[in-house]
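Here is a friendly walk through one model, from its surface to its helix packing and its charged pairs. Please keep the sequence and the 3D view open as you read.

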Amino acid sequence: DLSAADDKAMIGKIIRPRLGSEKVASIRHLDIDRLHQGLRATPYRANRVLSLLSKMFNLAEKWGWYSGNPVKGVERYPEDKRERYLSAEEIGRLTEALAHYEDQSIANIVRLLLLTGARRGEVLQAKWSQFDLDAGVWVKPSAMTKQKAVHRVPLSDGAATLLRSILDAAPRHDDGRLKSEFVFPGPRSGKPMTEIKTEWARIAIAAGLYDTVEGKNAKGEPVELKKVNCRLHDLRHTYASILASAGLSLPIIGRLLGHTQTSTTARYSHLMDDPLRQATNQVSAIVSGKKPAEVVPIREGAA
């Protein structure tokens with residue numbers, strides 16, 4: 001479980017070094033506030049740590065170890081919605097970079113993310129038993145979805161073809177059985193692949209998905225560094241943006257992404273302006289008797 005692994009990392013690297021020597025009952029609101037302020041340089045991480053601490057103290061109260069929750073009242077840092085959509089040209093460069101990447105198993109993970117809009121953890125933990133490639137369906141069990149509910153989603157022809165090629169090349173025993181139940185088995189026997197951050201950085205830089213920033217080398221000399229400007233999660237945003245730009249309704253997009261709240265999908269509503277403008281121009285053409293003007297997309301690259 002990638003979420004559990006992230007929680008363990010926060011406990012081991014942040015919470016335990018700062019609070020580990022204290023008894024649970026002795027920790028106060030001020031201690032939590034100071035810890036949170038100490039992480040202000042990374043506001044997203046700071047807020048995730050705060051949420052984890054709140055969960056921990058809720059359990060402590062349930063078990064009778066603590067009365068109340070010292071996290072309550074600690075003000076979270078504002079978080080700007082980070083939304084990045086790849087343009088058609090950037091998708092082309094990414095596709096080319098994937099074709100030339102040395103590890104095609106990693107490349108296939110990225111391809112499946114882009115073709116399905118699935119979350120990283122859903123793809124990395126995917127098992128062959130979840131797929132019906134004949135029917136073209138992926139049934140994600142509740143244990144691996146963010147909403148903790150079964151999510152049945154149709155696969156595109158491209159995604160189904162990709163999965164068939166992976167299945168055909170998968171290692172098998174002498175009797176024909178698959179050696180791993182996971183679509184993307186990791187180096188440890190019986191375990192799925194867990195992380196591809198380093199590999200994604202290499203792919204993104206090869207695709208030109210980076211900004212040049214000033215930095216210093218080991219000698220302290222100024223150098224130009226390449227900073228990746230597209231996260232793996234932005235492939236999910238890109239998938240949704242393509243659907244919205246094609247004129248699909250928000251409920252359909254939400255169903256494909258596995259959203260349970262309409263407000264979550266509403267972030268893509270502004271991307272539907274182009275097809276709506278195209279439609280209203282058809283009316284304008286009929287009323288005025290003129291040929292409708294071509295709609296030029298107003299959205300390219302980062303939103």
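Val-24, Leu-59, Trp-63 and Trp-65 make a nonpolar surface patch of about 420 Å². Patches are built from residues with over 30% relative accessible area and no salt bridge, joining like charges within 9 Å and nonpolar side chains (Val, Leu, Ile, Met, Phe, Trp, Tyr) within 5 Å. The accessible areas come from the Shrake-Rupley method with a 1.4 Å probe, and for residues only the protein chains shown count as cover.

A word on the source: this is a predicted model, in which local features need pLDDT of at least 70 and side-chain atom pairs count only at pLDDT 80 or more, while totals for chains, interfaces and linings use all residues. Residues are numbered from 1 along each chain as its sequence is written, and side-chain values use heavy atoms, with hydrogens and water left out.

Helices (H or I, at least four residues) and strands (E, at least two) are DSSP runs, numbered from the N terminus. Val-24 counts as partly exposed because its relative accessibility is 33%; buried means under 20% relative accessible area, exposed over 50%, and partly exposed in between (1.4 Å probe, protein chains only).

Helix H1 also holds Ala-5, which is partly exposed at 42% relative accessibility. Ala-5 and Thr-194 are 189 residues apart in sequence, yet their C-alpha atoms are 9.3 Å apart in space.

## How the helices pack

Helix H4 (residues 88-100) packs with helix H8 (residues 197-206) at an angle of about 125 degrees, and their axes are 8 Å apart. H4 is therefore oblique to H8. Axes are lines fitted to C-alpha atoms, for helices over the stretch in contact, and angles run from 0 to 180 degrees between N-to-C directions. Angles under 35 degrees count as roughly parallel, over 145 as roughly antiparallel, 65 to 115 as roughly perpendicular and the rest as oblique. H4 passes H8 in a right-handed crossing; right-handed means that the near helix is turned clockwise from the far one by less than a right angle, left-handed that it is turned anticlockwise.

For helix H9 (residues 234-245) and helix H10 (residues 250-257), the axes come within 10 Å and cross at roughly 150 degrees. That makes H9 roughly antiparallel to H10, and their crossing is right-handed.

## Salt bridges

How many salt bridges does the structure hold? There are eight, each a side-chain nitrogen of Lys or Arg within 4 Å of a carboxyl oxygen of Asp or Glu. Three of these pairs are listed here.

| Pair | N to O distance | Relative accessibility |
|---|---|---|
| Arg-93 and Glu-89 | 2.5 Å | Arg-93 29%, Glu-89 47% |
| Glu-195 and Arg-120 | 3.1 Å | Glu-195 32%, Arg-120 31% |
| Glu-181 and Lys-127 | 3.7 Å | Glu-181 45%, Lys-127 27% |

Arg-93 and Glu-89 are four residues apart in helix H4, so about one helical turn separates them.

Glu-195 and Arg-120 form a salt bridge that links distant parts of the chain, 75 residues apart: Glu-195 is in the loop between helix H7 (157-169) and H8, and Arg-120 is in helix H6 (residues 120-124).

The salt bridge of Glu-181 and Lys-127 ties together parts that are 54 residues apart in sequence, because Glu-181 lies in the loop between H7 and H8 and Lys-127 in the loop between H6 and strand E1 (131-132).
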